[in-house]
Amino acid sequence: MKMTFRWYGDNDPIPIEYIAQIPLMDGIVSAVYDVPPGKVWSSESILKIKNAAEKHGLTFEVVESVPVHEDIKLGKKSRDEYIEVYQENIRRLGKAGVKVICYNFMPVFDWLRSQLDYKNPDGSTSLVYRQEQILKMDPKTGDLSLPGWDASYTKEDLVALLDEYKSVDHEVLFKNLKYFLDAVIPVCEEYDVKMAIHPDDPPFDIFGLPRIITDEANLDRFLSLYDSPYNGLTLCTGSLGAGRKNDIPKLLRKYCEMGRVHFVHARNIKLIGDCDFNETAHPSKYGSLDMYEIMKILYDTHFDGYIRPDHGRMIWGETGKPGYGLYDRALGAVYLSGLYEAIQKSANLK
Ligand code: DNO
């Protein structure tokens, strides 16, 4: 298991040096951020990240994300040219030593929360999801600025894009995903780069848009679309964990045993009612997930992929990118590593 930390490059308020100072940190997870989806990443930009990591004793072996152009998800004619670009990015990343690419196949919107600065009783702030507030929003009329919503869309672009999705249901989206995998997985096999799809967050349809990476049946279906270890998962405990029927330890064990989990986002959430949740500090005590059990499964299944603490709260007065502050994520990383050491040592004592 390799512990990593997401870094947004030179625009990240967190210097990479601080990441290197977190105990037991192996590497960074990053991406080229100055290129829009559907464009080739320059080898210089890729190497710049790698060099920055190595200068600080860190590896750069995981990319999050290489975005999938909407035309690919929509299955438009133009998808072939965007798929070629994607293939070229895989080649370039593989040559630079990248081993895992995290991506998602969510139409239009990535992760979605109703509030980014929910105040906890201890004064820290968290990202939270309240279905009632989400249902009141209409992306076609509102000026929305929520995380994951590409700020480069104008209102008109967004309306047009949502319109195009009217003909895309779950089945069509699965078909378009298969078309994409059929084209990229052979390149991944050649360049030894594993694809790791991120679950939909939250794992249910939003604004009438289909979401398909949501539960066990769909994960099974996804993996069978292309049966290769290079077609794998980012198992995000918080994203899948928001699905009330998802048994996270069961899913994690199953897919790790199959060798299909390449990246773990370890995050805790507190479930509220039927749909809502708050993001919490990482330790088991604060949320609905048992993080000890999660780390124990990674140990038991000899997981040798990458893991990162996921969103943290904002604590100690820190300001910055919601979910991606330094302090709470660093505490999360050390907590997860601590659990792992304890599990490892107690297993060796037996
Ligand atoms: C949120 C992240 C996601 C993830 C993408 C992968 O914090 O986990 O935005 O990076 O879905 O493409």
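Which strands form the closed barrel, and is their pairing parallel or antiparallel?

Modeller: The closed barrel has 8 strands in the order S1-S2-S3-S4-S7-S8-S9-S12, and their pairing is parallel; two strands count as paired if DSSP finds at least two bridges between them. Helices (H or I, at least four residues) and strands (E, at least two) are DSSP runs, numbered from the N terminus. This is a predicted model, in which local features need pLDDT of at least 70 and side-chain atom pairs count only at pLDDT 80 or more, while totals for chains, interfaces and linings use all residues. Residues are numbered from 1 along each chain as its sequence is written.

Strand S7 (residues 194-197) and strand S8 (residues 231-236) are joined in the parallel sense by 3 bridges. Met-195 has Asn-231 in S8 as its bridge partner.

Turning to the helices, H4 (residues 79-95) and H7 (residues 170-191) have axes that come within 9 Å and cross at roughly 20 degrees. H4 is therefore roughly parallel to H7, the term used for angles under 35 degrees, whereas over 145 is roughly antiparallel, 65 to 115 roughly perpendicular and the rest oblique. Axes are lines fitted to C-alpha atoms, for helices over the stretch in contact, and angles run from 0 to 180 degrees between N-to-C directions. In H4, Ile-83, Tyr-86, Gln-87, Ile-90, Arg-91 and Gly-94 meet Phe-180, Ala-183, Val-184, Val-187, Cys-188 and Tyr-191 of H7; contact requires C-beta atoms, placed from the backbone, within 7 Å. The contact of H4 with H7 comprises 9 nonpolar, 2 polar and 1 charged residues. Here Ala, Val, Leu, Ile, Met, Phe, Trp, Tyr, Cys and Pro count as nonpolar, Asp, Glu, Lys and Arg as charged, and the others, Gly among them, as polar.

A further helix pair consists of H11 (residues 291-300) and H12 (residues 327-349), whose axes come within 9 Å and cross at roughly 55 degrees. H11 is therefore oblique to H12. The contact of H11 with H12 has 9 nonpolar, 1 polar and 1 charged residues. Among those that meet are Met-291 and Tyr-299 in H11, and Leu-336 and Ala-347 in H12.

Finally, 12 residues surround the ligand, and the closest are Ser-65, Asn-104, Asp-110, Trp-111 and His-198; a residue is near the ligand if its C-beta atom, placed from the backbone, lies within 6 Å of it. The shell around the ligand contains 3 nonpolar, 7 polar and 2 charged residues.

How values were computed:
Contact = placed C-beta atoms within 7 Å.
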